[in-house]
Amino acid sequence: MKNCIFCRIINKEIPSEIVYEDDDIIVFKDINPQAPIHLLIVPKQHIESINNIDKDSISILGKVFYVAKEVSSKFAVSEEGYRIVVNTGKNAGQEVLHLHFHFLAGRKFSWPPG
Ligand code: AMP
Ligand code: ZN
């Protein structure tokens, strides 16, 4: 998608701090971190949000959580814990319309979220 900021990151048209990449998924540091570790796990396929997932994408979504586990090991936060967040739509504050999973770690998170 030409005007999608995450597609442009995936295509290396704009820089990002990539911490993991394979054929299906890229993980890079959030530019405005909300925790000491704040990564975005992003399927390379342009899917706007959870609302736009189709059956062909199901296996990639499983892989997202496998990559999350790998990333948690890489950043040594598996034991202390982390939070994965997917904002969907305006009430959740979704700003970038390319499905992404926030991976947050390095501090204690409150519940319920704000
Ligand atoms: P959301 O509100 O769930 O759509 O989250 C979008 C996230 O993308 C925010 O946390 C932004 O800080 C992050 N973001 C926006 N542009 C960039 C960028 N160029 N590189 C890294 N993260 C970005
Ligand atoms: Zn996109």
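How much space lies in the largest pocket? The answer is about 840 Å³. The structure is a predicted model, and its largest pocket is where ligand 1 sits.

**The largest pocket**
- The lining of the largest pocket consists of 31 residues. Those nearest the pocket's centre are Asp30, Asn32, Gln34, His38 and His102.
- Two or more lining residues come from each of the elements α1, β2, β3 (37–43), β4 (82–85) and β5 (101–105).
- With three residues, α1 gives the most to this lining.
- Sorted by class, the lining holds 14 nonpolar, 11 polar and six charged residues.

**The shell around ligand 1**
- Ligand 1 is surrounded by 16 residues, and the closest of them are Asp30, Glu95, Val96, His100 and His102.
- At least two residues of this shell are supplied by each of α1 (5–10) and β2 (25–29).
- The element α1 also gives the most to the shell, again with three residues.
- The shell comprises seven nonpolar, six polar and three charged residues.

- In the side chain of His102, an N or O atom lies 2.8 Å from an oxygen atom of ligand 1.
- For Val96, a polar backbone atom is 2.9 Å from an oxygen atom of the ligand.
- For Asn87, a polar side-chain atom lies 2.9 Å from an oxygen atom of ligand 1.
- On its own, ligand 1 has 500 Å² of accessible area, and the protein covers 86% of that area.

Conventions:
Residues are numbered from 1 along each chain as its sequence is written. Chains are lettered from A and ligands numbered from 1 in the order in which they are written. This is a predicted model: local features need pLDDT of at least 70, side-chain atom pairs count only at pLDDT 80 or more; totals for chains, interfaces and linings use all residues. Side-chain values use heavy atoms; hydrogens and water are left out. A residue is near a molecule or strand if one of its heavy atoms lies within 4 Å of it. A polar contact is a pair of N or O atoms within 3.5 Å; within protein, one must be able to donate a hydrogen and the other to accept it, and residues adjacent in sequence count only if both atoms are side-chain atoms. Accessible areas come from the Shrake-Rupley method with a 1.4 Å probe; for residues, only the protein chains shown count as cover. On a 1 Å grid over the protein atoms alone, a cavity is a set of points where a 1.4 Å probe fits but cannot get out, and a pocket is an open set with protein on both sides within 12 Å along at least five of seven lines; lining residues have an atom within 4 Å of a point. A molecule sits in a cavity or pocket if more than half of its atoms lie within 2 Å of its grid points. Helices (H or I, at least four residues) and strands (E, at least two) are DSSP runs, numbered from the N terminus. Ala, Val, Leu, Ile, Met, Phe, Trp, Tyr, Cys and Pro count as nonpolar, Asp, Glu, Lys and Arg as charged, and the others, Gly among them, as polar. Grid points are joined across faces, edges and corners, and a volume is the space filled by probe spheres set on the points.
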